[in-house]
Amino acid sequence: MAEAHQARVQAAVEEMVQSLERNHIRKMQGRMFRCSADCCDLSTDSMSQVHQCIERCHTPMAKAQGLVTSELEKFQDRLSRCTMHCNDKGKDLFDSGAKEPAVRSLMDRCVGSCVDDHVNLIPSMTRRLKENLDSIQ
């Protein structure tokens with residue numbers, strides 16, 4: 001993918017991740033650490049019970065991280081499939097005898113379209129992630 005297109009996608013995704021971290025993940029991390037600290041205050045519990053308590057505290061955060069990772073992987077896979085389609089179109093055009101400038105132009109337009117389409121998907125992905133993160137207990 002051309003550098004400018006790649007930078008655009010990366011900036012949009014980073015902005016989304018930072019927003020989720022600031023507004024959702026960070027609060028979850030605070031709850032996780034406070035919960036874990038409370039587990040350590042249970043002086044009558046065995047080491048095993050305290051460990052289980054801490055594990056329970058970490059479960060929501062692990063779910064949240066898995067959710068975000070999964071969503072980002074799906075996004076990346078879709079974008080990769082789109083750009084692979086552009087590569088195929090470029091190769092087909094080149095194989096049909098087109099000159100390199102025409103192939104480059106086609107590739108740039110095609111990849112640009114992929115990027116536009118996928119950057120436009122980010123708000124709905126963000127909304128879905130926020131809803132799912134809010135539903136984690």
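Analyst: Two residues are in contact when heavy atoms of theirs lie within 4.5 Å. Among contacts in the protein between residues at least 6 apart in sequence, 75% join residues at least 24 apart. This is a predicted model, in which local features need pLDDT of at least 70 and side-chain atom pairs count only at pLDDT 80 or more, while totals for chains, interfaces and linings use all residues. Residues are numbered from 1 along each chain as its sequence is written, and side-chain values use heavy atoms, with hydrogens and water left out.

The protein has 3 helices and 0 strands (DSSP runs, numbered from the N terminus: H or I of at least four residues for helices, E of at least two for strands). Its radius of gyration is 22 Å, well over the 14 Å of the globule rule for 137 residues, so the protein is more spread out than a compact globule (the radius is taken over C-alpha atoms, and the rule is 2.2 Å times the number of residues to the power 0.38). Along the principal axes, the C-alpha atoms fill a box of roughly 80 × 25 × 20 Å.

Of the 137 residues, 31% are buried (under 20% relative accessible area, with exposed over 50% and partly exposed in between, using a 1.4 Å probe and protein chains only). The largest nonpolar core has 24 residues (buried Ala, Val, Leu, Ile, Met, Phe, Trp, Tyr and Cys joined through side-chain atoms within 4.5 Å). Helix H1 (3–40), helix H2 (47–95) and H3 each supply at least two residues of this core. Ile 122 and Leu 133 touch the most other members. Beyond its neighbours within four places in sequence, Leu 133 is in contact with residues including Leu 20, Met 28, Ala 64 and Val 68.

Thr 126 lies in helix H3, which spans residues 100–135. Thr 126 counts as buried because its relative accessibility is 12%. Not counting residues up to four places away in sequence, Thr 126 touches Met 16 and Leu 20. The C-alpha atoms of Thr 126 and Val 17 are separated by 8.5 Å, although these residues are 109 residues apart along the chain.

H1 and H2 pack at an angle of about 170°, with their axes 8 Å apart. They are therefore roughly antiparallel to each other (angles over 145 degrees; under 35 is roughly parallel, 65 to 115 roughly perpendicular and the rest oblique). Met 16 and Val 17 of H1 and Ala 64 of H2 are among the residues making this contact.

Note on methods. Axes are lines fitted to C-alpha atoms, for helices over the stretch in contact, and angles run from 0 to 180 degrees between N-to-C directions.
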